[in-house]
Amino acid sequence: MAAEDLVERRSIDVVPDDERHGTAFSQFTLWLGANLQITAVVTGALAVVFGGDVVWSLAGLVLGNLLGGAVMALHSAQGPKLGLPQMIQSRAQFGVKGAVVPLLLVILMYVGFFASGSVLAGQATAELTHTDDTTGIVLFAAVTAVMAAVGYRVIHALGRVASVICALAFVYLGVRLVERVDVSALLGDARFDLPMFLLAVSLSASWQLAFGPYVADYSRYLPRTTSAKATFWWTLSGSAIGSQWSMTFGVLVAASAGDAFLDNQVGYVVGLGGTGLIASFLYFVIALGKLTINVLNTYGGFMSMVTSISGFRGLKVLGPRGRAAYIAVIMVAGTAVALLGKDSFLTSFKDFLLFLLTFFTPWSAINLVDYYLISRERYDIPALFDPHGRYGAWRPDALVVYGVGLLAQLPFLVTHFFTGPLVEPLGGADISWIVGLVVPAVLYWTLAGRGAVAPGDGPQPERGASPTADEAPAP
């Protein structure tokens, strides 16, 4: 493949049929590789660090990964059908300009995940390069930005490599952990605590739901004929298996190691594996796993920034210099946050995950109800780029529902800086994400469903137009 073919030319414009390639299985390797990494290990560990036992923490994490992963995979299934990045589709619900409201929060998410990933990956990079953590964070961020600038093909290639190498490393680490720890004793000490169980569910559900705003970015190049069911199941299985594998390891490590793990997550995991060349390999694996997910975060952030600005400027295509500039902004912002927050990582990361969940569950609910139930998997694609077209500039109904969805969660929310008034009557359990899915879904269906234009009605693109201007056909 020539170098010019490797570098992606598309940004937020529709991928034409003659540029589509790959199979749904590519979603499995990408999301498996993206989830077999140190931050997912830390996420699982948080369920124990904040008071849960091993058995019910694992059960809660499984439930959250399946529930959140199913929502995330429903977004992934939209990619082959429409050939569009995920957040462009929000214009059908919020309006061409109104979509900027959730988009600004999505960009904040990308910066936050870039930062949290860079903290741990920077530690591994520093060990590999024999520098300090600050230098390691900066070096890691620079490599991430370069790979994100190359784009889609290199991202999927990285996912395939990471899925194999990281899986082998986690098998080895799992064997080493079982040799050191009495797993049966850990599993025998089960004590159900509803708030802690729901915390575990929330941690893994938020982990999965946070992929929702960009998951279709990585399925949009699949051929239009790709089965939606295949895309859904390969995405769900890769993401749920990878994250649960990492989180299970994190639970067992946190339960058995205590402060030794909390004081230095990367150092403890590597030390578990061995010294010398083995340690160097494990530092490389940690950096590789974080590189995979941070490239996704950087690429998604770039897409979201372009989508936000293009809604007001009307741009569809972005040149190489503009692409590099947007990616540089994400890299600089994420690196700055990483350097500022690297000394208080665990507490900050837990609150960050739950904070994100508050803002993205209403968006997921609105998007999925609109796509699958109201529009029935068909959008007028040219109108997504025209503020005077079918979807308008602003959609007050969706924006109101989104705001109500946010407010409805607050009484049930538990974070370090805010606890809702209904948390104590529930025994300290956080069920805000459930409220954030159900309330907006029902309300949006009630308000938007009544006045929805049925697929095939209203202004349509001309038949015979190019694939990039044609409406996505019904299945």
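Is Thr335 buried or exposed? Select Thr335 to start: its relative accessibility of 11% makes it buried (under 20% relative accessible area is buried, over 50% exposed, and in between partly exposed, with a 1.4 Å probe and protein chains only). You are touring a predicted model, where local features need pLDDT of at least 70, side-chain atom pairs count only at pLDDT 80 or more, and totals for chains, interfaces and linings use all residues. Residues are numbered from 1 along each chain as its sequence is written, and side-chain values use heavy atoms, with hydrogens and water left out.

**Stop one: around Thr335**

Thr335 sits in helix H16, residues 320-341 (helices are DSSP runs of H or I with at least four residues, numbered from the N terminus). Next, show Phe114, Ile137, Val138 and Ala141, which Thr335 touches, leaving aside residues up to four places away in sequence (contact means heavy atoms within 4.5 Å).

**Stop two: the loop between H17 and H18**

Jump to Arg376, in the loop between helix H17 (345-374) and H18. Its phi is near 55°, a positive value in a residue other than glycine. Arg376 counts as partly exposed, at 47% relative accessibility. Glu377 belongs to the loop between H17 and H18, and its phi, near 70°, is a positive value in a non-glycine residue.

**Stop three: Leu410**

Finally, pick Leu410, in the loop between helix H18 (396-409) and helix H19 (432-450). Leu410 is partly exposed, with a relative accessible area of 33%.

Methods. Helix = DSSP H or I, 4+ residues; strand = E, 2+ residues; numbered from the N terminus.
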